[in-house]
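Subject: Structure handover

Hello,

Here is the structure I said I would pass on. My notes on what was found in it come after.

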Amino acid sequence: MSDALLLAMLVAAIAIGWWLGRRESGRHPRPLQRRQSSLPRDYFVGLNYLLNEQPDRAIETFTQALEVNSDTIETHIALGNLYRSRGEADRAVRIHQNLLARPTLTAVQSGQVQLELSRDFLNLGLLDRAERLLLMLQKANVDDEQKVAAKRLLVDLFQQEKEWEQALDIAQSLIRSDADIQRSAAHWQCELALEHRRAASPSLARKALRQALAIDDRCVRANWILGQIEWDIGHYRNAIRYWQRILDQDAGFAPLVLAPLRDAYRLLDDDAGWWRFLEAQLQHDPQTTVVIMAADALRQRQGTEMACAFVSEQLRGQPSLRGVDFLMDLYLEDSDPGERDRLELLKQHTHQLLGARPRYRCQRCGFGAEQLHWQCPRCHSWGTSKPVTGLEGE
Ligand SMILES: [Zn+2]
């Protein structure tokens, strides 16, 4: 049993003991000395099971020892939650449903039980039942905090169902006060835009993406897709404009956008424009990706030797593994057979080192991946993964 679960169960056991003791002392007022022993036998049996790491029998015994009344509602809710956290959400449903049938519940207690019951249903994958209950809570006479908690659960549920419009609808009132919801909502608009793009409705897609940027002007993904839509129809100049905006939003995304930018300039046959852009980037933010792209352009214009000198100079100011790897590629082009063997051996090492490092990493949970995930597969946060830059990255 985990420490947290044991602690939760001990707290519940203490609560049960306190209530049972209070009930007994209420019935038979006795001196303090004797009040301790007035706890029913069931309580000690339950505690014994708990301490012997038999939580199933402990919970069963505690549940039997408790009568449901206004004093024990909180404890029953906690017991239900305990079952859920142990992976027995069906038993949690029974306890919470049993509570809900009590006519004596106050509005706040009823709201609390319904919230927990929704969590049980979500846990069991009964999304329809959770949704119905949570939507009812939106209209019910419960306090604002419970309504917000129900909204958040609904948002999670609609995300699981990929019902982006419904998620946006429910989250509307939370967007301004919650940065996470704000960032996520912009991504839901991006998801809608992708659906429109797949359905060959670029104007609807553009509209959704403009809304994404209105919700969160830092949404890199909106400009990324806007650029792709322009690319689809051969408007490369517009694609360049959108992708360059990404660098103003977050320069850390250069490793994502530089290759498509280069390809767009190529298709426009605009080498001079590409070079001007690279020069501006080198002045402004000489990241490794920019240095590699610039060196490649330089190699084509002025030869390998110039490119090598340029990369060496840049690496002095900003060392990086990928930069060294690229420099070795350049050396390999001009090397004689003896040098080539040694360089290739070195290159194996840099290759291994680079291969062991992910290109993208979630800023929230640290999940690393070769591909960019707009929603982190581990922590499910939207827009928290970014290219890895610096010494070991791009
Ligand atoms: Zn994550």
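C379 is partly exposed, with a relative accessible area of 27%, whereas C362 is buried, at 3%; buried means under 20% relative accessible area, exposed over 50%, and partly exposed in between, with a 1.4 Å probe and protein chains only. Both belong to the zinc site, whose protein donors are the SG atoms of C362, C365, C376 and C379, lying 2.3 Å from the ion. Donors are N, O and S atoms within 2.8 Å of the metal (3.2 Å for Na, K and Ca), and water is not among the atoms, so sites may look incomplete. Along the chain the donors follow the spacing C-x2-C-x10-C-x2-C. The site is tetrahedral, with angles of 102 to 115° among its 4 donor atoms; four donors count as tetrahedral if all angles lie between 85 and 135 degrees.

This is a predicted model, in which local features need pLDDT of at least 70 and side-chain atom pairs count only at pLDDT 80 or more, while totals for chains, interfaces and linings use all residues. Residues are numbered from 1 along each chain as its sequence is written, and side-chain values use heavy atoms, with hydrogens and water left out.

The average pLDDT (the predictor's confidence in each residue, from 0 to 100) is 85, and 82% of the residues score at least 70. Over residues 29-38 the pLDDT is below 50, and this stretch has 6 contacts in the model beyond near neighbours in sequence. Contact means heavy atoms within 4.5 Å.

The protein has 20 helices and 3 strands; these are DSSP runs numbered from the N terminus, helices being H or I of at least four residues and strands E of at least two. Of its 394 residues, 47% count as buried.

In the largest nonpolar core there are 45 residues, of which L115, L134, W188, C190 and L209 touch the most other members. Such a core is a set of buried Ala, Val, Leu, Ile, Met, Phe, Trp, Tyr and Cys residues joined through side-chain atoms within 4.5 Å. Elements giving two or more residues to this core include α7 (107-124), α8 (127-139) and α13 (220-232). Helix α11 gives the most, with 8 residues.

Helix α16 (residues 271-284) has buried residues G273, W274, W275, F277, L278, Q281 and L282, and their cover includes α14 (236-249), α15 (254-267), α17 and α18. Helix α19 has 13 residues and reaches 19 Å from its first C-alpha to its last, close to the 18 Å expected; the expected span is 1.5 Å times one less than the number of residues. Its buried residues, among them L321, F326 and L330, pack against α17 (288-302), α18 (304-317) and α20 (337-355).

Last, the backbone. Most residues other than glycine have a negative phi. K162, in the loop between α9 and α10, has a positive phi near 55° and is exposed, with a relative accessible area of 56%. A200 also has a phi near 55°; A200 is found in the loop between α11 and α12 and is exposed at 64%.

Regards

Note on methods: Tetrahedral: all angles 85-135°; square planar, octahedral: opposite > 155°, others 65-115°.
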